[in-house]
Amino acid sequence: MSSPAAPKTADDTLFTPLWRNISFTLMWTSTAASGFGDRMIMLASLALLGGLAANTDSTSIQAGTQFWFFLPYVFFAVFGGWLADRLPRKWVLFTCDETRAGLLFWAYFSLAAAGGMAVLAPEAHWRVFAMLFMIGIFAAIFNPTRNAIVPQIVDRSQLQPANALVLVIGVVFSMIGMVVGGWLIVPEDAGSVRMGLLMGATFYLVSGTFFAFMRPKPAHSFAASSTATSPPETQSKTSIADALSYALHHKRVLKLIATDVLVWSAAALMFSGVIGLCKAHFGLEGKELLEDFSYISAVLGVGMLAGAIVVAGIRTRHESGTVIGTALVMAGLSVIAVSMIPYKPVTYTGAFLVGLFGNIAIVTVLSMLQSIVPNHVRGAVLGLNAMMSTLFSVIIYFTIWQMSNADAVIIYALMVLGPILMAIGAFTMLNYLRHGPMPSVAGNVFRHGVRLFVLVWHRARWVGRHHIPATGPVVLACNHTTALDPFVMQSASPRMIRWLMLTSYRFPLLEPFWRLINPICLEMPKGADKAEPGIKQVRQIVSELKKGDIVGIFPEGNLQYEKRILKPFEHGVATCARLSGAAIVPCWIHGTPKSRHMLVHFFRPTHTTLYFGKPFTPGRKESVQDITAELRRRMIALAPDEVEEEAETSHS
């Protein structure tokens, strides 16, 4: 055996918790200030364009402000991602927000002499649209840059909660800006609009200043995944065409971008429709319309906050298809309820649920893109994603803006949107659940359910999974702590694991379950007082290994229950691996519940971690004692804490 003991991987290093990460704190506070500034300019624009009057089509005007603000994303989002891959990202963020602050200060001073009504004459509307377009340019550069820098300031395992917090804080403070703007801005008072612009400019100024103090890791010091390493010298040579080529050649990236396009398009339709719902369902206008519009929008933000908390808590990046599909189905149901039931409690509840499930989908998609796209094209790919998402949103905004009687039509559009979201979500979820390493559809559905359980309830994470060989016979050898261990290991493994069990335990009542996992059933030798395999059983295991399967074996033979004492090893792993030529992957499971009761093993919440070591293949001439000793050494090397051992006894 030439391989050394498996060293700790980079994933094992301790990382700074998010709440103590200064750079991350600066990011989310800056994002909050920036989101507040965005809302102030949007509300000020709505007032200046007359969107709050009873005799105007408020839905159309609201969509017009969104169209001009997001139109620059179509032209500048990919360029912004390209800049993010070539220039220091924190200074790109700094420049974007400081420039937006300057534009709002200019708008404030240009309205300094204005008085009376805040509504501009139709021939002056182009000034508002031009201001929105200019601010939108820097927003289009800002967003892909911010998304690209997140993996430089947090650990990869923290991406999902970090994205959830950054996105939702931006939205929540946007909604706070909506509420504050609803109180502050009065359609009959131009001075209130000036004050809103001044407040927005101040928040942009603060946001940009905070970015200057961030300390992101150098872009070349890490990769987005274990297979996505890019040397420093390639980063300056990456072009937009490279990013487009990367996306086109990776179907998973294309599917994620398509999902993001769907979610943001639905969000554009929903957000445009809120003001129309308030007018059509409740007959509101003027100040009352602005207040209800801002309150419902704020409830959407609170829902997104709840979604962020859910995503940060469950950490289900590994079950993205299940999560995204479920979120789309529930968001579709909520949209149907909001559009069809003219009752304020239903509208507010539906808005909350749309925000909750919509943000779950958004955060999951973004986290997956950040995880699988290599750093040297991450900014450009995220810019491409932003461009495509916004392109469809802009088309929706433009269509509504040019639509006659949009206040009435928008309700029917939402009635159609709900079933579409439900259908796509159901298809996504069912298609995802039926695929996996198990030999049957039912087996894969079962595995996905188990993965959700161990990821959510037991906070499971795994380190070094790439050490499992993609093909060929493998023995996964792990310490045995609880009855939960096989479920955690199968959840982590990209291949189906064949488990050993005694025929006497194959109860007929559980036969459907046994068919799902297809265990290797062994007969205990007559007169044996323990389950150590005999010659017949070893031949059976070796036969399965020679078919190229993965076999899971616990070399201790018994559970550790309440005390984490590593018991003496049987020689079954060494014997089977030597005879079959299988690679042995040492594993170590840590953090499972300590109890003598099986139900406690499953239902007491934990923080469970599974470590995989480097595989080694024993030679046929090596003794089983030497192989077993080497396996034990490698397993102990994986353990995060000092291992307490029972005294070794002789086993033949």
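1. Val 263 is buried, with a relative accessible area of 7%, where buried means under 20% relative accessible area, exposed means over 50%, and partly exposed covers what lies in between (1.4 Å probe, protein chains only). Its place is in helix H9, helices (H or I, at least four residues) and strands (E, at least two) being DSSP runs numbered from the N terminus. Leaving aside its neighbours within four places in sequence, Val 263 is in contact with Leu 328, Gly 358, Ala 361 and Ile 362, contact meaning heavy atoms within 4.5 Å. Val 263 and Asn 359 are 96 residues apart in sequence, yet their C-alpha atoms are 9.0 Å apart in space.

2. A word on the basis of these remarks: this is a predicted model, in which local features need pLDDT of at least 70 and side-chain atom pairs count only at pLDDT 80 or more, while totals for chains, interfaces and linings use all residues. Residues are numbered from 1 along each chain as its sequence is written, and side-chain values use heavy atoms, with hydrogens and water left out.

3. On the overall make-up, the secondary structure of the protein comes to 21 helices and nine strands, and buried residues make up 56% of its 652 residues. Among contacts between residues at least 6 apart in sequence, 83% join residues at least 24 apart.

4. Helix H9 (residues 251-282) has 32 residues, which at 1.5 Å a residue should span 46 Å, and its end C-alpha atoms, 45 Å apart, agree with that value; the expected span is taken as 1.5 Å times one less than the number of residues. H9 is mostly covered, with 23 of its 32 residues buried, and just after H9, Gly 283 takes a positive phi of about 65°.

5. Helix H2 (residues 58-86) and helix H14 (residues 406-433) pack at an angle of about 75°, with their axes 7 Å apart. Axes here are lines fitted to C-alpha atoms, for helices over the stretch in contact, and angles run from 0 to 180 degrees between N-to-C directions. The angle makes H2 roughly perpendicular to H14, since angles of 65 to 115 degrees count as roughly perpendicular, those under 35 as roughly parallel, those over 145 as roughly antiparallel and the rest as oblique. The contact is made by Ser 58, Thr 59 and Ser 60 of H2 and by Ala 406, Asp 407 and Ile 410 of H14.

6. The structure holds 11 salt bridges, a salt bridge being a side-chain nitrogen of Lys or Arg within 4 Å of a carboxyl oxygen of Asp or Glu. One of them joins Asp 97 to Arg 100, the closest N and O atoms being 2.6 Å apart. Both residues lie in helix H3 (residues 89-110), three residues apart, about one turn of the helix. Asp 97 is buried, and so is Arg 100.

7. Another salt bridge is formed by Glu 319 with Arg 451, where the closest N and O atoms are 2.6 Å apart. This pair links distant parts of the chain, with Glu 319 in the loop between helix H10 (286-314) and helix H11 (320-340) and Arg 451 in helix H15 (residues 441-456), 132 residues apart. Glu 319 is buried, with a relative accessible area of 0%, and Arg 451, at 5% relative accessibility, counts as buried.

8. Asp 549 forms a salt bridge with Arg 498, the closest N and O atoms being 2.9 Å apart. Here too distant parts of the chain are linked, Asp 549 being in the loop between helix H18 (535-546) and strand E5 (550-553) and Arg 498 in strand E3 (residues 497-502), 51 residues apart. Asp 549 counts as partly exposed at 22% relative accessibility, whereas Arg 498 counts as buried at 8%. Arg 498, Glu 544, Lys 547 and Asp 549 are linked in a network of salt bridges.

9. Two backbone positions deserve a look. Arg 459, in the loop between H15 and strand E1 (461-463), has a phi near 50°, a positive value in a residue other than glycine. Asn 518, which is not a glycine either, has a positive phi of about 50°; Asn 518 is placed in the loop between helix H17 (511-517) and strand E4 (520-522), and is partly exposed, with a relative accessible area of 35%.
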